[in-house]
Amino acid sequence: MRSGRSASTRSRYSPAGGCKNARVTPRTIVAFHAHPDDEALLSAGTLARAAQAGHRVVLVLATDGGAGAVGDGVLDGEDLGARRTREAQASADALGVARLVGLGYGDSGSDRADTEVSGWSDGSFRAAPVEEAAERLAAVLREEGADLLLADDANGGYGHPDHCQVHRVAAAAATSTGVPFAQVTIDREFLSGGIELARGMGLEVPEGFVPPDVSAWYTPHDTITHTVDTGPVLAAKRASMAAHATQATGAPDTVRTLSVFLGLPDEIFAIAFSQEWFVVGGGTALPEGLEGELFTPVAPAGT
Ligand SMILES: [Zn+2]
């Protein structure tokens, strides 16, 4: 197994860096999400850019997504969790992820925070004790000598209980290990504008994708601290989405989010996915070299 520490002592010249600040210090970035395909939607572009720049990228998934929706005949007898694990590996390969880790929890299988939890005995991730799950994640962070942890925001994005749990577990693991934690999110106003634009263009908006209002979704624009320009890696981001084929095809009675995104014309796809958004909390500093090279600070409102 490759050591993250030895990787962090290497350095190389960036051919794209020109004459200024050309030396890049390779870092180890660990992204933590709940399900296969969460990375495709939230952090794929950042992971691809980091990998291309020579950083080590590790993807940790809490569950195998085994409770996801799937269309008739798609699995042909295969276990959904096993299929989605293979899809996650294909996504990881498309992004240049060096290692994919599954924490082995059960997919809670619900998009709604008000669905009853049957308890920890079912192994569902959202019912797992935070400290116990955080220690599993922390073990990976230590093993990798991680320099940065990326994981879902405090709202769990759109409020999926597994995504909320990812945030709690990531925050606890960051505290126990001292690894800086950057929340992966979406600019709420950008999302609202995108939905309006899609409706105006007559594009199909996924059923259930748009709540009456998005005021509790993701992160307000003014709270975003960093963006990553993912324009150079749109093909990798699209390939990551396409890798999750069970989530992009034929589920009953619903329009699949991934299938809508994958069906966008290239120029619309580029508008929608040319940046990713982050919140780095007060008192947390990104590792030297990543800020500016990969993460662009957002100027505070009013400056
Ligand atoms: Zn998810």
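Donors are N, O and S atoms within 2.8 Å of the metal (3.2 Å for Na, K and Ca), and water is not among the atoms, so sites may look incomplete. The legends below describe a predicted model, in which local features need pLDDT of at least 70 and side-chain atom pairs count only at pLDDT 80 or more, while totals for chains, interfaces and linings use all residues. Residues are numbered from 1 along each chain as its sequence is written, and side-chain values use heavy atoms, with hydrogens and water left out.

View 1. Look for H35 (ND1), D38 (OD), D38 (OD) and H163 (NE2), which coordinate the zinc ion at 2.0 to 2.4 Å. Along the sequence, the donor residues follow the spacing H-x2-D-x124-H. Because D38 lies in helix α2 (residues 38–42) and H163 in helix α6 (residues 161–177), the pair ties together parts that are 125 residues apart in sequence. Helices here are DSSP runs (H or I, at least four residues), and strands are E runs of at least two, numbered from the N terminus.

View 2. Buried means under 20% relative accessible area, exposed over 50%, and partly exposed in between (1.4 Å probe, protein chains only).

**View 3. V184 and its neighbours.** V184 sits in strand β7 (residues 181–185) and is buried, with 1% relative accessibility. Leaving aside residues up to four places away in sequence, V184 touches L42, S43, L150, A151, D152, D153, W277 and F278, where contact means heavy atoms within 4.5 Å.

**View 4. Helix α4 beside helix α8.** Helix α4 (residues 80–95) and helix α8 (residues 234–243) pack at about 170°, with axes 8 Å apart. The two are therefore roughly antiparallel, a term for angles over 145 degrees. In this contact, E87, A90, S91, A94 and L95 of α4 meet A236, K237, A239, S240 and A243 of α8. These residues divide into six nonpolar, two polar and two charged.

View 5. The elements covering its buried residues include α2, α3 (44–52), α4, α9 (257–262), α10 (266–273) and β9 (275–280).

Terms used
Axes are lines fitted to C-alpha atoms, for helices over the stretch in contact, and angles run from 0 to 180 degrees between N-to-C directions. Angles under 35 degrees count as roughly parallel, over 145 as roughly antiparallel, 65 to 115 as roughly perpendicular and the rest as oblique. Ala, Val, Leu, Ile, Met, Phe, Trp, Tyr, Cys and Pro count as nonpolar, Asp, Glu, Lys and Arg as charged, and the others, Gly among them, as polar.
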